[in-house]
Amino acid sequence: SPEMAATLACAAAERRSMLFVAIPRMAGKSTVMRAALQQVPAGTPIHALARSSGPQLGIPQQADGGYLTMSEIAHGGYFDDYLSGGEVQTVFAALERGFSLATALHAPGIEEAFEVIRQHGVPDPEAGHIELVTYIRSFGHWSNPERRVVEKIWEVDGVPAGNVQSRLLHRWVEADDGFEPVDEAARIGIRGGYGEMVDQFRKERDA
């Protein structure tokens, strides 16, 4: 929906750390993430992390206000930019120095997504740097989806004692195939510009 798009755009414009979640492959996690990152402030560095870049994975020594991106948090290290274990811990530790993060993983919801992060050894305070979680549903066979839908977007307040605290901002209602707002954001987009972005995306949708 235009409201979902505006929330994602505001999150990127404000350099919020974002997580994109789905179950099957090819659900659109990376596609939505790249679209959101188009809205970062001009001149914002985006560092694509990879195992082949060395022990620091391509994370600059000095914080530069940029985004760290990894294609996926995943066990097994199937690809150079699919990171796991200590590598994921290194990335989240860098967020303490002022970087932002955009990444993805496979999970059926927000609680399960943070459990995956915990399984990779990330402490709860560092996991709490993630401020927006987007869940995507894919219909049809994973290799050739018939449709992909951004189903839910949550704003995250933190992860105290292993329990993610969040509020559901938007959802897709399958019964009537419609999108609806659920709650107002407490931080994302409140600096201004959200309404203008909603209008912009609505015009683009209707064009």
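Met-197, Val-198 and Phe-201 are buried in helix 6. They cover an arc of only 105 degrees around the axis, which puts them on the same side of helix 6. This is a predicted model, in which local features need pLDDT of at least 70, side-chain atom pairs count only at pLDDT 80 or more, and totals for chains, interfaces and linings use all residues. Residues are numbered from 1 along each chain as its sequence is written, and side-chain values use heavy atoms, with hydrogens and water left out.

**Terms**
- Buried means under 20% relative accessible area, exposed means over 50%, and partly exposed lies in between (1.4 Å probe, protein chains only).
- Helices (H or I, at least four residues) and strands (E, at least two) are DSSP runs, numbered from the N terminus.

**Helix 6 (residues 194-206)**
- The face turned away from the buried side of helix 6 carries the exposed residues Glu-196, Lys-203 and Asp-206.
- Helix 1 (2-13) is included in what covers the buried residues of helix 6, where contact means heavy atoms within 4.5 Å.
- At 1.5 Å a residue, the 13 residues of helix 6 should span 18 Å, and its end C-alpha atoms are 18 Å apart, which agrees.
- That expected span is 1.5 Å times one less than the number of residues.

**Helix 2 (residues 29-37)**
- Lys-29, Val-32, Met-33, Ala-36 and Leu-37 are the buried residues of helix 2.
- Seen down the axis of helix 2, these buried residues fall within an arc of 135 degrees, so they line one face of the helix.
- The arc is that of the directions from the helix axis to the C-beta atoms.

**Strand 1 (residues 17-22)**
- Six of the six residues of strand 1 are buried.
- Side chains in a regular strand alternate between the two faces of the sheet.
- Both faces of strand 1 are covered, with Ser-17, Leu-19 and Val-21 buried on one side and Met-18, Phe-20 and Ala-22 buried on the other.
- Strand 1 pairs with strand 6 (residues 100-106) in the parallel sense over five bridges; two strands pair if DSSP finds at least two bridges between them.
- Leu-105 in strand 6 stands opposite Val-21.

**Strand 7 (residues 130-139)**
- Strand 7 is mostly covered, with nine of its ten residues buried.
- Strand 1 and strand 7 run parallel, joined by five bridges.
- Within strand 7, Val-133 is the bridge partner of Leu-19, and Tyr-135 is that of Val-21.
- Strand 8 (residues 147-158) runs antiparallel to strand 7, and eight bridges join them.
- Val-149 in strand 8 stands opposite Arg-137.
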